[in-house]
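Here is a short briefing on the structure below. Read it with the model open.

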Amino acid sequence: MMDQLTYFFTDPIARKVILGVSIIGAVSGVVGTFSFLRKKTLIADAVSHSVFPGICLGFLFAGTKDPVTLMVGAIFTGWFSVWSIDYIVRTSKLSEDTAIALVSTFFFAIGSVLLSIISKSQNSEQTGLKSFLFGKAATLSTTDVQVFFVVSVLIVAIVILFFKPIQLVCFNADFADSIGIKINRIEFLLSVLTVTTIAIGIQALGVVLMSALLIAPAASARYWTNKLVGMLVISALFGFLSGIIGVIFSTVKDDMPTGPWIVFVLFLFTMITLLFAPKKGWFSLQRQSKKNNRKIEQENILKTFYQFSEEGFERITVGRFLEKRRMDSHVLERNMNRMIHQGCLKRQDQNYELTEKGKGEAARIVRSHRLWELYLTKRMNFKEDHIHGTAETIEHLITPEIEKELLKELNFPVSDPHNKDIPY
Amino acid sequence: MKPKHSIEVHNLSVAYNRIPVLWDIDFELPQGQIIGIVGPNGSGKSTLLKAIMGLIPLSSGFAKIYDKELNNVRDKIAYVPQRESVDWNFPATVEDVVRMGRYKKGKLFSRLSGIDKQLADEAIEKVRLTPYKDRQISQLSGGQQQRVFLARALAQGADLYIMDEPFVGVDVATEKTILDLLITMKNEGKTVVIVHHDLQTVSDSFDYIVLLNTRLIAHGPTREVLTEENLQATYGGQLNLLVKMQHLIKNTDFPIREKGFEDK
């Protein structure tokens, strides 16, 4: 494995391939972010299928696999597909998803026909054209990489230069229009960027899979940041890394297409994101839900102690506690230990008793519960026998600010709807 | 010479999804007042604003602002779209969105100046969102989101503010903040045009009202316009024959104006 890694960074051919694919990955990450934010990812998919006939036409025209001619052909049919989708949506009653499905399959079919015509011809240059289907980074020539590099620098420069109008058009096109930005032109620019990125990417990714490189990095990046610039950078990084890693995987065995491997790495990045992303990731959500449960358990214990003290009992054994409030004994033990640790509870032999801090907390929970019950009856006209269930949950959610507002709105009441005292 | 009207609309007809939703609307609006464009849901109020802002094609007629073509006075207008018209999951903070109010045509390729940023900060302060400045916009309440839009418009520093349903889905506190702001703006000589669907609330604050229900019912100072008869016409349901014609036009894909017909 180490041998292979050193090989990639010393062998000039391998270096060239890695360089080419990582450039494509980074640029796709940037351009894909805008497709993602404008909810145009399906169109990106249609375009990548639609550049296929363009490649074939470019080859028929030039008679060789000249990268510039192939790219021009790809951009031509790719852009034509965007225009066709737009035209169908504007002038017919078909919906956008139908138009996209029609156009992308139709263009792909034409590409397949053209490819079969080319492979029947006697042109010896045609070998390798098939690799445009699933991508073959090994076929990248030095000229290819040079062309990619120049085009990528241009694309990034355009994105930086037009950052503000692009941002406005993606977020709020009506507002952009109202300050005089020609949104048609910005939208046209964005579709040119998308088509061009796809055109340079298909040699490595293939027409079938190219759209993944536009969509997946952006969709994952959104989970890691709330800033547009941050999203562009992270998305570019995901694209860049999956390009490199995908190429390395694909060369482990001879003659494997690169596209599927890059998509596989993209899938891994997406999975990692969905699992580990802050706030919205699976683990984060689990942690939050655990935290919520623990809060509910602890506060219910505090509340039960408060109810005992209302009856005149301060020191409670576990047995008496469980008679009053059903609870899993493990859960009770775990939480009581935690509360002792926090200084809310103290233990003497078999008896448990709230500390001053614990009493304050317990009174706060009971106050929240009873205030909310009062709010439900006064403001929402709930019947008295309906209020307890809702208040059981809400009591754990009421923040000090909301409590303040409740007190003000209910004018510092002394008792709840069941005529129990509200503790202060 | 100072123009007499803030907005002039002449013979304006608009079709939306091929259904004509505005028929020959004709009015002039004063300056330095709070003006309500009022009508039930589906009466074409928002369409009227979009037509004035040049966001949708007109079937007939024209709209002028300060006696001029829209393109010559854009820097004097701030447009506040409906809150639901954008995706609030967009990666941006309150500050990011309000700073968009300082994006000006012709200055789009340079960085915002320190003064631009200060003006944005002041606008955020005016709508009392300073503590939320760095908050991601999806985490805001509906009322706060509406205030973000308002702050962006304030940051534009315009003379004429055109707002589409700023009171929809906002809490009482936001409603009051917005109303207070509107009155301050009026006292500074600004003109505010608001699309509003509900006469029960906030209409006391309008100085001038346009009543609309696919056709113009009435326009004028609030007290003169709010008559029993006008309200009945506005809110008393659609006109049967008009609805039938709308659908005929839609189903046959008929033009609203004959070719070559020119509005004078």
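At what angle do helix α3 (residues 114–126) of chain B and helix α4 (residues 142–156) of chain B pack, and how many Å apart are their axes? The angle is about 135°, and the axes are 8 Å apart. This is a predicted model, in which local features need pLDDT of at least 70, side-chain atom pairs count only at pLDDT 80 or more, and totals for chains, interfaces and linings use all residues. Residues are numbered from 1 along each chain as its sequence is written, while chains are lettered from A and ligands numbered from 1 in the order in which they are written.

**Helix pair in chain B**
- Axes are lines fitted to C-alpha atoms, for helices over the stretch in contact, and angles run from 0 to 180 degrees between N-to-C directions.
- α3(B) and α4(B) are therefore oblique to each other (under 35 degrees is roughly parallel, over 145 roughly antiparallel, 65 to 115 roughly perpendicular, the rest oblique).
- Their crossing is right-handed (the near helix is turned clockwise from the far one by less than a right angle).
- From α3(B), the contact uses L119(B), A120(B), A123(B), I124(B) and K126(B); α4(B) supplies A151(B), L154(B) and A155(B).
- Contact here means C-beta atoms, placed from the backbone, within 7 Å.
- Helices (H or I, at least four residues) and strands (E, at least two) are DSSP runs, numbered from the N terminus.

**Nonpolar cores**
- The largest nonpolar core holds 155 residues (buried Ala, Val, Leu, Ile, Met, Phe, Trp, Tyr and Cys joined through C-beta atoms within 7 Å).
- A151(B), Y161(B), I162(B) and V193(B) have the most contacts inside this core.
- Helix α2 (residues 12–37) of chain A gives the most to this core, with 12 residues.
- Beyond four places in sequence, I162(B) touches L49(B), I52(B), M53(B), I77(B), Y79(B), V80(B) and V193(B).
- Another core, of 14 residues, lies apart and includes I301(A) and F305(A).

**Domains of chain A**
- An automatic or database assignment gives domain 1 (16–280) and domain 2 (285–424).
- Their C-alpha centres lie 57 Å apart.
- Q286(A), in helix α14 (residues 282–310) of chain A, is exposed, with 11 other C-beta atoms within 10 Å.
- Burial counts other C-beta atoms, placed from the backbone, within 10 Å: buried at 20 or more, exposed at 12 or fewer, partly exposed in between.

**Positive phi in chain B**
- Y66(B), in the loop between β4 (60–65) and β5 (77–80) of chain B, has phi near 50°.
- Y66(B) is buried, with 21 other C-beta atoms within 10 Å.
- R128(B), in the loop between α3 and α4 of chain B, has phi of about 60°.
- R128(B) is partly exposed, with 15 C-beta neighbours inside 10 Å.

Notes. Contact = placed C-beta atoms within 7 Å.
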